Amino acid sequence: MWGLAEHLAGLQLDELRVANWQRSNEGVKRSKQTKAPKPITRPGTKSKRPDKNSPERVARRHAAKRRAAERRTAIARGEIT
């Protein structure tokens with residue numbers, strides 16, 4: 001978990017990134033502007049999308065790979081047609 005100092009530092013970095021983005025897009029048509037920077041993800045906060053390397057997702061990925069390997073070996077042996 002981040003402490004107060006880390007959260008404040010992250011907030012300052014976010015503000016600097018947005019300010020630099022605004023300066024770089026100054027005077028440019030809206031259709032030609034780059035996308036706004038996303039905030040730095042902070043631990044302990046809910047994100048919109050789940051973590052791709054969470055233990056549950058890693059376990060599901062490994063189980064799917066194991067099932068696929070078992071199926072390939074069964075096909076090679078002729079058990080499944």
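**Legends to close-up views of a predicted model**

**View 1. Burial and overall extent of the protein.** Of the 81 residues in the protein, 9% are buried (under 20% relative accessible area; exposed is over 50% and partly exposed in between, with a 1.4 Å probe and protein chains only). This is a predicted model in which local features need pLDDT of at least 70 and side-chain atom pairs count only at pLDDT 80 or more, while totals for chains, interfaces and linings use all residues. Residues are numbered from 1 along each chain as its sequence is written, and side-chain values use heavy atoms, with hydrogens and water left out. The C-alpha trace spans about 65 × 40 × 15 Å along its principal axes.

View 2. The protein has two helices and zero strands (DSSP runs numbered from the N terminus: helices H or I, at least four residues; strands E, at least two). Helix 2 covers residues 55–77, 23 residues in total, and its first and last C-alpha are 33 Å apart, close to the expected 33 Å (1.5 Å times one less than its number of residues).

**View 3. Lys35 in the loop between the helices.** Lys35 lies between helix 1 (4–24) and helix 2. Its relative accessible area is 77%, so Lys35 is exposed. Asn25 is 10 residues from Lys35 in sequence, and their C-alpha atoms are 9.7 Å apart.
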